[in-house]
Amino acid sequence: MLSVRPPRHICHVVVSLGDVAQNEQVFANIRQFPSPHYEHTLIVLHKAKKPPLRLPHHTSCLELALDGSLLNKIRTCHQALRAIRPDVCQTYGDQTLPVQWLAHRAGIPLRLHIAGQGNGAANWLARKGRVWSHKIFKHSCDFVIASDKAQEAWLKTNAGIEESKIKRVRAGIDIKTHRPPLQDVSLRNQTAFIGTLPVPANRFVIGLPVTGIGKEAVEQFLAEYVAALKHSTAFSAQALLLIIGNSPYLSFYRRFLEQHDVSDNQARFCNHHAESERFFHLLDAIVTLDDGTQPSFALLEAMSMGLPVISGRAGDSLKDDNHPLFWLTDNGSHLFQYQMLTLYSDARKRIRLGQASRSYVLERYHHAEHQARYEKLYQLLEHRIPPRMPTSVTRYPPSPTRFKP
């Protein structure tokens, strides 16, 4: 008799697929645990207009039409969970917390909640609502996962979640997957193309992702880019800003650049593509408009490919010339324009910071540690529920009388 262990079924619950950063996190978690040992179901609570998404292999997706009364919405979610009957329910972001209560009611053995990045909520009411939701639904969650120390401290102090329930798990990036392949250098290839957009290979190309970024933050960076163009004639002649992704404010960005006499040779727009590596191979530096304390998956992928980072920093932020996110400019300023000018003028520093970026991801966000921490949580299933009945394959000895022609 041969016992076949069934795969662990993990259900990932999100509000919608409109959040690019959240999608990256969910898909990265799914890819960490492939078949045949795991199977994944993605539940989307609300349908939303979204660009075409390529789901990871062996992943099913269920989009719920949550309309009507609150009771009808609860009934729909509960029926979906009972029909799927996963071993693990993982919810993402604060708005999915009520699903954990439904998962508890449906008898799902292990319930993990991945805390959202909402520490700086917009107003007092939103902050209070976030605290209230965590306190109400914390008893239905087995564990709450935080990505860093600050988030862990918020869950303890504000949400009142027990320390034993909080698990800190950083993001995980597979370095082997995003390692840039060796390429032959040809002097004849002066221009690369993304679709129909030409990207000169002999220019200093800066990548600016704008998907999901606020208009004010992008406008501030564009103003810094204009200042850098005016500051250095050489930089003005050689720099190219590649604005990557989709945003409702693209027309505003175009008008802003036109008003400041930024030509098409100095800034170009590039639509969103599923294969981000195509962009990264053409860049000399990548921009992140946050403070770098919680890098997105896209930024970690770019860093793993050896790109130096131009990051948003406050005047009193950490300053460390060996840190890929908080390195020092030539004049010690934290402004974007001086970060761009320093990387352009100092090729050795650009290479050194690119190597530091890759080492930083390898040491802090390696997928092996990420996978091991989640695996420890999944192993708790073996102690919480009785083992399933194994699928048995009975092998009979050959017998001429068993099967008749």
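**Notebook: contacts and cover**

I looked up R268 first: it is buried, because its relative accessible area is 8%. My cut-offs are under 20% relative accessible area for buried, over 50% for exposed and partly exposed in between (1.4 Å probe, protein chains only). The model is predicted, so I took local features at pLDDT of at least 70 and side-chain atom pairs at pLDDT 80 or more, while totals for chains, interfaces and linings use all residues. Residues are numbered from 1 along each chain as its sequence is written, and side-chain values use heavy atoms, without hydrogens or water.

R268 has a salt-bridge partner, D264, with the closest N and O atoms 3.8 Å apart. I count a salt bridge when a side-chain nitrogen of Lys or Arg is within 4 Å of a carboxyl oxygen of Asp or Glu. D264 is exposed, because its relative accessibility is 53%. I found D264 in the loop between α8 (250–259) and β13 (267–270). Helices here are DSSP runs of H or I, at least four residues, and strands are runs of E, at least two, numbered from the N terminus. I also checked D264 against L240: they are 24 residues apart along the chain, and their C-alpha atoms are separated by 8.8 Å.

**Other salt bridges**

My count comes to 9 salt bridges. One of them joins the side chains of R168 and E152 at 2.8 Å, N to O. R168 lies in strand β8 (residues 166–168) and E152 in helix α5 (residues 149–157), so this pair ties together parts that are 16 residues apart in sequence. R168 is partly exposed because its relative accessible area is 29%. E152 is buried because its relative accessibility is 15%.

Next I looked up D321, whose side chain meets that of R352 in a salt bridge of 3.4 Å, N to O. D321 sits in the loop between β15 and α11 and R352 in helix α12 (residues 347–364), so the contact ties together parts 31 residues apart in sequence. D321 is partly exposed at 27% relative accessibility. R352 is partly exposed too, with a relative accessible area of 32%.

**Aromatic rings**

I searched the whole structure for aromatic pairs and got 11. F221 and F336 make an edge-to-face pair, 5.0 Å centre to centre with 75° between the planes. F221 belongs to helix α6 (residues 215–231) and F336 to helix α11 (residues 336–345), so the pair ties together parts 115 residues apart in sequence. F221 is buried at 0% relative accessibility, and F336 is buried at 8%. F252 and Y253 also pair edge-to-face, at 6.0 Å centre to centre and 70° between the planes. F252 is partly exposed at 22%, whereas Y253 is buried at 0%. My pairing rule takes rings of Phe, Tyr and Trp (its six-membered ring) with centres within 6.5 Å; planes under 30 degrees apart are stacked, over 60 edge-to-face, the rest tilted. Ring pairs also link F33, Y38, Y374 and Y378 into a cluster.

Which charge sits over the ring of F252? The charged end of K215 does, 4.7 Å from the ring centre. I found R130 over the face of W154, 3.9 Å from the ring centre. Here NZ of Lys or CZ of Arg must be within 6 Å of the ring centre and within 35 degrees of the ring normal.

I turned to strand β14 (residues 285–288). A285 and V287 point one way from it, I286 and T288 the other way, and all are buried. Strand β11 (residues 204–209) pairs with β14 in the parallel sense over 2 bridges. Strands count as paired when DSSP finds at least two bridges between them. In that pairing, G207 stands opposite I286. Strand β15 (residues 309–311) also runs parallel to β14, joined by 3 bridges. There the bridge partner of I286 is V309.

Helix α10 (residues 297–304) is mostly covered, with 7 of its 8 residues buried. Among them are F297, L299 and M303. Just after α10, I noted that G306 takes a positive phi of about 85°.
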